[in-house]
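I am opening a notebook page for this structure and will write down what I look up, entry by entry.

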Amino acid sequence: MHSINVTKSSLPPFEEYCAEIRDIWDSAWLTNMGRKHQALEAALSDYLGARHLSLFSNGHLALEAMLRVMDLQGEVITSPFTFASTVHAIVRCGLKPVYCDIKYSDYTIDEDKVEALINECTCAILPIHVYGNVCNHEKLAAVAQKHHIKLLYDAAHSFGEHYQGISTANMGDACIFSFHATKVFHTIEGGAVCFADPALREKLYLEKNFGIPNAEEVIAVGGNAKMNEFQAAMGLCNLRHVDSYIQQRRALCERYAAHLQGLPLRLCPVQEGLRSNYSYLPVLFAEGQRDKVFAALKAENIHARKYFYPLCNAFACYEDSSDSTPIAKDVSRRILTLPLYPDLPPEDVDRICGILKEVLHA
């Protein structure tokens, strides 16, 4: 049987991308905020309804830039149930991660447990919108405002989403998106910072352009995180198709749900009031079942993902303990994301679900 990966990059028609990059050859302008970069920044700002937006070469550098331009010092409250990038960015910016547990309902940070972790060293809260599930922004914003600290989001999974009528691009003081090749919308590699304060635009520019504002000055210690023209061209193409990608994802998620109904597992429902992007298909299994399902799928050349496992506070590079976040620890040991991408054949969903039924009924 053919191999099925957990994800697959969505690509526009080959001819469309070739047409989009044609004028790059004419101009020979490959990077340094050229026409494609400027066009994509404007198009994304419009699509996301963002207050302000700055493009980056990848989501991780966007995250580090967001933290740096906020001039933070001290502790940042976050969730360990996330990709390594979130916590690595905190640590690489000289900050200390403080872990808050998550909720079983949607796997996002437990907003009712955040305030107890705040002390005189706390400078920010950095929650994560997980699998496209959106954090309780209203409560988190109230806590941040009460304690006069920043509220920043890792919105890598929530491209194009609106929750209770608010775009995730406009939640908090700032957020980051990832445009990695595996995301709902991608620019091959890429990312963006969306932010509320227009004064941050220049600071973000300096962060991604060596601290150079013009040809004759260097006024800050910046890095290099500029999105190149080929990335931006891919983004311009994919943005034309992203709504259809999301509809295809939705249809596949509904097919999975119809097959898996009644089995001893939990599918995460779409939150009420959320315009979902259907970015992932997470399944929570009973204790001891996840690894059996994972192995059975792998034996059939189907590659699911233990996402997120292990927790960030269980990484060897961080001397911490996941015992302080028992719900996150439990979920990480029982969660599996199943294959999901726009052109996944429906019969492959049927095949995957058939294997799950065999294992869980054995």
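This is a predicted model: local features need pLDDT of at least 70, side-chain atom pairs count only at pLDDT 80 or more; totals for chains, interfaces and linings use all residues.

Entry on helix H3. I then went back along the helix, which spans residues 59-69, and checked its start, where a side-chain oxygen of Asn58 comes to within 3.1 Å of the backbone nitrogen of His60. I also looked at how far H3 is covered, and noted that eight of its eleven residues are buried, among them Gly59, Ala62, Leu63 and Glu64.

Entry on strand S1. I turned to residues 53-56, which form S1, and saw that Leu53 and Leu55 point one way while Ser54 and Phe56 point the other way, with all of them buried. In general, side chains in a regular strand alternate between the two faces of the sheet. For the partner of S1, I found strand S9 (residues 191-195), paired with S1 in the antiparallel sense over four bridges, and within this pairing Phe56 stands opposite Gly191.

Entry on the three-stranded sheet. I recorded an open sheet with the order S7-S6-S11 and antiparallel pairing, in which S7 (166-167) and S11 (274-275) are the edge strands, each pairing on one side only. Looking at strand S6 (residues 162-163), I found two bridges that join S6 to S11, and I noted that His162 stands opposite Arg275 in S11.

Key:
Residues are numbered from 1 along each chain as its sequence is written. Side-chain values use heavy atoms; hydrogens and water are left out. Two strands pair if DSSP finds at least two bridges between them. Buried means under 20% relative accessible area, exposed over 50%, partly exposed in between (1.4 Å probe, protein chains only). A polar contact is a pair of N or O atoms within 3.5 Å; within protein, one must be able to donate a hydrogen and the other to accept it, and residues adjacent in sequence count only if both atoms are side-chain atoms.
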